[in-house]
Amino acid sequence: MSEISFIKGADVSFLPMIEDCGGKFFEDGVQKDCLEIFKNNGFNYIRLRVWNDPKDGYCGKEQTLKMAKRVKKLGMKLLINFHYSDHWADPGKQTKPKAWETLSFDELKKAVYEYTKEFIEALKAQGTLPDMVQIGNEITPGMLWNDGKVDGEFNTDEQWTKFAALVNVGISGVKAATGEDENVKIMIHIDRGGDNKGCQYFFDRLFSKGVDFDVIGLSYYTYWHGPLSQLKNNLDDLAVRYDKEIILVECAYPFTMEYSDGSGRKRDEKWVHEGYEATPEGQYRYLKDLIQIAKDAPNNRVKGVFYWAPEWMSFRNWDKKPHGVNGWEYLAMFDFDGNALKSFKAFKEA
């Protein structure tokens, strides 16, 4: 697949679970494969998270290999997101996989290298080599705690050296599994989309430790990271400060503040950005403006935007799950019945 001018991406890592539970997706009233709906609306990149040994298998190696085939069959590019954990890794937790808990630091480095290399080799062997790879997920406080932890009392030069060593062996694992002509890009992803000082601090420290990579990945959610103006200020600065491509690799916005169970309960208003109502139209306008901010950043440095978990929906109509609702259902790009929302147009028009 040739180089694309602007990445329009989605992290649909929940999709196999949703499908296994009977979830169905519709566009203009017609049931379709979820990935085809994204493809039909101009999406050109899919992101998949990877957990080492998840309890239910979802986001593990077997499921990821299957999903990679589906993505590549549609002609879309693939971003693999290594969490280096058996479950969620984020700024609040970077828990080692159980199999690595008792390893020495040198053994841990070897495990990261070999695991990364073998995973990429498996993807390559089935003809689904990723186009980009994340070494860690939202690793602002480090990863693989406590060996690679760098926040709080662990914010020391020694810990940054260890953290950088873990990142570097992950990068080396990707490079060992690929040839130079295959041009698999390396992303380092943190959560500070609206925090310019925080971004500067993290990347200055990482660069000082000799970590070399291709893409700065940022999460940006109004709830945690402030208004769009802060995102714009950060992107505009990073685009000239560092000689790196930048991707807004996570974002989301509510299309409603209701719950799918009809209970009348309300969601946290901190998710609602001034000027953008929590409606399908407001979600669309918010995404239009967010994408434009990314495109307007200096030097054409911001290369794209990914929506996080746009495929999520309520459990209420699923065949294999108890009745209930989920905390993310109102932030998806499908309504509670699986119908594609107007927000798809924001990407199609970009």
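Contact means heavy atoms within 4.5 Å of each other. The exercises concern a predicted model, in which local features need pLDDT of at least 70 and side-chain atom pairs count only at pLDDT 80 or more, while totals for chains, interfaces and linings use all residues. Residues are numbered from 1 along each chain as its sequence is written, and side-chain values use heavy atoms, with hydrogens and water left out.

**Exercise 1. Describe the surroundings of Ser85.**

Solution. Step one is location: Ser85 belongs to the loop between strand S5 (77-82) and helix H4 (105-125). Helices (H or I, at least four residues) and strands (E, at least two) are DSSP runs, numbered from the N terminus. Step two is accessibility: Ser85 is buried, at 3% relative accessibility. Buried means under 20% relative accessible area, exposed over 50%, and partly exposed in between (1.4 Å probe, protein chains only). Step three is contacts: neighbours within four places in sequence aside, Ser85 touches Trp51, Asn52, Thr95 and Pro97. Its side chain reaches the backbone oxygen of Thr95 at 2.8 Å.

**Exercise 2. State how strand S10 is placed in the barrel.**

Solution. The closed barrel has eight strands in the order S1-S4-S5-S6-S9-S10-S11-S12, with parallel pairing; two strands pair if DSSP finds at least two bridges between them. From one strand to the next, the twist averages 25°. Strand S9 (residues 185-190) pairs with S10 in the parallel sense over four bridges, and Ile188 stands opposite Ile216 in S10. Next, consider the side chains of S10: Val215, Gly217 and Ser219 point one way, Ile216 and Leu218 the other way, and all are buried. Because five of the five residues of S10 (residues 215-219) are buried, the strand is largely enclosed by the rest of the structure.

**Exercise 3. Determine how helices H5 and H6 are arranged.**

Solution. First, the axes of H5 (residues 157-177) and H6 (residues 196-208) come within 10 Å and cross at roughly 75°. Axes are lines fitted to C-alpha atoms, for helices over the stretch in contact, and angles run from 0 to 180 degrees between N-to-C directions. H5 is therefore roughly perpendicular to H6 (angles under 35 degrees count as roughly parallel, over 145 as roughly antiparallel, 65 to 115 as roughly perpendicular and the rest as oblique). Second, Asp157, Trp160 and Phe163 of H5 meet Tyr201, Phe202, Arg205 and Leu206 of H6. Third, H5 lies across S6 and S9, at about 155° to S6, whereas H6 touches S9 and S10, its direction making about 135° with that of S9.

Methods:
A polar contact is a pair of N or O atoms within 3.5 Å; within protein, one must be able to donate a hydrogen and the other to accept it, and residues adjacent in sequence count only if both atoms are side-chain atoms.
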